[in-house]
Number of protein chains: 2
Amino acid sequence: MSRDHATLTPLEPQAFAGLREHVHRALRQVILSGEYAPGARLNERAIAEQLGVSTTPVKEALRLLEADGLVCSKPRSGVIVNFDMAWAEEMILARAAIESTIARLAAQRVSTADTPVLEAILVEMRRATSESSAEDLMRLNEVFHRQIRSLARANYLGRLNDRQDLYDSDARRVIHSDPAERARALAEHDAIGRAVIAGDAEAAEAAMKAHVLRAGETYLDLVFRNKEGPSS
Amino acid sequence: MSRDHATLTPLEPQAFAGLREHVHRALRQVILSGEYAPGARLNERAIAEQLGVSTTPVKEALRLLEADGLVCSKPRSGVIVNFDMAWAEEMILARAAIESTIARLAAQRVSTADTPVLEAILVEMRRATSESSAEDLMRLNEVFHRQIRSLARANYLGRLNDRQDLYDSDARRVIHSDPAERARALAEHDAIGRAVIAGDAEAAEAAMKAHVLRAGETYLDLVFRNKEGPSS
DNA sequence: TGCGATAAAACTGTATGCAGTTATTGTACA
DNA sequence: TGTACAATAACTGCATACAGTTTTATCGCA
């Protein structure tokens, strides 16, 4: 599968929650997929024109990106892209730190009533790993992590992690298509799930940290070190 | 010392880096000091008028705050304050997770050339703890943590932590005025510094995490549980 | 007196215009 | 040919104006 770069599409989704979010998501996708090289300057009016909107929502979207840390804005000069491999490495460390904290909370706060739903997700994941498509696995992955977050009652931490989501959908699809990666991820998810169910905070934190860090390495291999998986 | 609430001051600093940042900092301070209660709606035009600026920089500042997680904006209804004790508790957990990761990196990457400067800071802190003012201690605190961050070569992680700075200057001053707290902080900083110098990543991470979490409890006591320190 | 509907007021989201600053390009001089 | 300077062009930051939606207040009715 060739990872064709994302492009700025002018307002295709019918139901949008404000132009601001649309522009934000679009620019985010473009930056993370590598279309805009590190150091490239982002021209407000050009972006506004490409997307068919005014400069106002573009300004606001750029502020969001600035807060995300993906661009940095010099006072009167505009914003420049601020995303390279070193940046991605640190983002992965941050994800590991936050997500493992969430896992610890989940293990501390889990109740027996939560066990079946978590186990059901794990069963579903095991089935999908050998039988189903990458899209299904991506969805289940999302569901799993979101369930952990829910058990942890982690609102701020959850939002924080959402803002550090550096995996674009193309990369995710490629990764989830590799059988070896699927097996590794399953084993790790299983370890995390069992630790949470057992209420073992230490184990849950350690397992989640290991999982995020290893998955991050896989991502770095794919996107920055150009080592595509064997099945891609 | 009475912790008088911050108020919206219209443009006092002559040298400012854009009205946007000014408004952002002002609103941030006001929210963190508790002037605006959780759930309160923020009126763009009222803020703009109070600060003597247009609504445009206010809008952008609100987007920054939204990304900081201090407010959440409903599509056509405006933004409401989103900061209470539970939120602060999670922010402290996040700080502990990120800052301890930075400490681990610092211990891994420290070189013998870095030892004297770190030791000098610790010496300075020891002296200031018994002799000097709260302001000096606050400044040294900043220097210490920033030095650790520098050793760790943590750029993204550092920025991330800046975004989670929930201690307003009033609270900081009160905390750093309490002799017991000063002693505790000194011992912890010493443990962190020694672990980093020794290159002991595990110890540095653990020490930093313990420090941030304990200091966070002190903050929560002061701001949300209304237990002021004995010397305030 | 309580509830529902309608109308008015207010507020956000978006667009556009202008001023100040920065970056770039062209030219003159060494 | 390389460098410094100046003028032009472009871009950001800020202000203001307008349209659509939400909220609220008032009036009628049960």
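A residue counts as partly exposed when its relative accessible area falls between the buried class, under 20%, and the exposed class, over 50%. B:R127, at 35% relative accessibility, therefore counts as partly exposed. The structure described here is a predicted model.

## Salt bridges

Across all chains of the structure, 53 salt bridges are found. Side chains of opposite charge can pair when their charged atoms come close. Three of the pairs are described here, beginning with the one that contains B:R127.

B:R127 is joined to B:E124 by a salt bridge whose closest N and O atoms are 3.2 Å apart. Both residues belong to helix α5 (residues 115–131) of chain B, where they are three residues apart, about one turn of the helix. B:E124 has a relative accessibility of 34% and also counts as partly exposed. Elsewhere, A:R20, A:E60, B:R63 and B:E66 make up one network of salt bridges that share partners.

In chain A, the side chains of A:R194 and A:D190 form a salt bridge with an N to O distance of 2.9 Å. The two residues sit four residues apart in helix α9 (residues 179–198) of chain A, so about one helical turn separates them. A:R194 is exposed, with a relative accessible area of 51%, whereas A:D190 counts as buried at 16% relative accessibility.

A further salt bridge pairs A:E205 with A:R104, with the closest N and O atoms 2.3 Å apart. This pair links distant parts of the chain, 101 residues apart: A:E205 lies in helix α10 (residues 201–223) of chain A, and A:R104 lies in helix α4 (residues 85–109) of chain A. A:E205 is buried, with a relative accessible area of 11%. A:R104 is partly exposed, with a relative accessible area of 23%.

## Domains of chain A

The domain assignment divides chain A into domain 1 (19–81) and domain 2 (85–223). The C-alpha centres of these two domains of chain A are 29 Å apart. Contact between them involves seven residues of domain 1 of chain A and ten residues of domain 2 of chain A.

## Surface near DNA strand C

Around DNA strand C there are 19 residues, of which A:L19, A:S54, A:T56, B:P75 and B:R76 come nearest. Sugar or phosphate makes up 74% of the DNA strand C atoms within 4 Å of the protein, and bases make up the rest. By class, the surface near DNA strand C holds five nonpolar, eight polar and six charged residues.

At least two residues of this surface come from each of α1 (19–32) and α3 (55–68) of chain A and α2 (44–51) of chain B. The element that gives the most to the surface near DNA strand C is α3(A), with three residues.

## Surface near DNA strand D

DNA strand D is surrounded by 19 residues, and the closest are A:P75, A:R76, B:L19, B:S54 and B:T56. Of the atoms of DNA strand D that come within 4 Å of the protein, 76% belong to sugar and phosphate.

The elements giving two or more residues to the surface near DNA strand D are α2 (44–51) of chain A together with α1 (19–32) and α3 (55–68) of chain B. The largest share, three residues, comes from α3(B). By class, the residues near DNA strand D are five nonpolar, eight polar and six charged.

## Side-chain contacts with DNA

| Residue | DNA strand | DNA atom | Distance |
|---|---|---|---|
| A:R20 side chain | DNA strand C | phosphate oxygen | 3.2 Å |
| A:T56 side chain | DNA strand C | base nitrogen | 2.8 Å |
| B:R76 side chain | DNA strand C | sugar or linking oxygen | 2.8 Å |
| A:K59 side chain | DNA strand D | base nitrogen | 3.2 Å |
| B:T56 side chain | DNA strand D | base nitrogen | 2.8 Å |

Key: Residues numbered from 1 in each chain as written. Chains lettered and ligands numbered in written order. Predicted model: local features only at pLDDT ≥ 70, side-chain atom pairs only at ≥ 80, totals over all residues. Heavy atoms only, no water. Near = heavy atom within 4 Å. Polar contact = N/O pair within 3.5 Å; in protein donor to acceptor, adjacent residues only side chain to side chain. Nonpolar A, V, L, I, M, F, W, Y, C, P; charged D, E, K, R; others polar. Salt bridge = Lys/Arg side-chain N within 4 Å of Asp/Glu carboxyl O. Buried < 20%, exposed > 50% of the residue type's maximum accessible area, 1.4 Å probe, protein only. Domains from an automatic or database assignment. Contact = heavy atoms within 4.5 Å.
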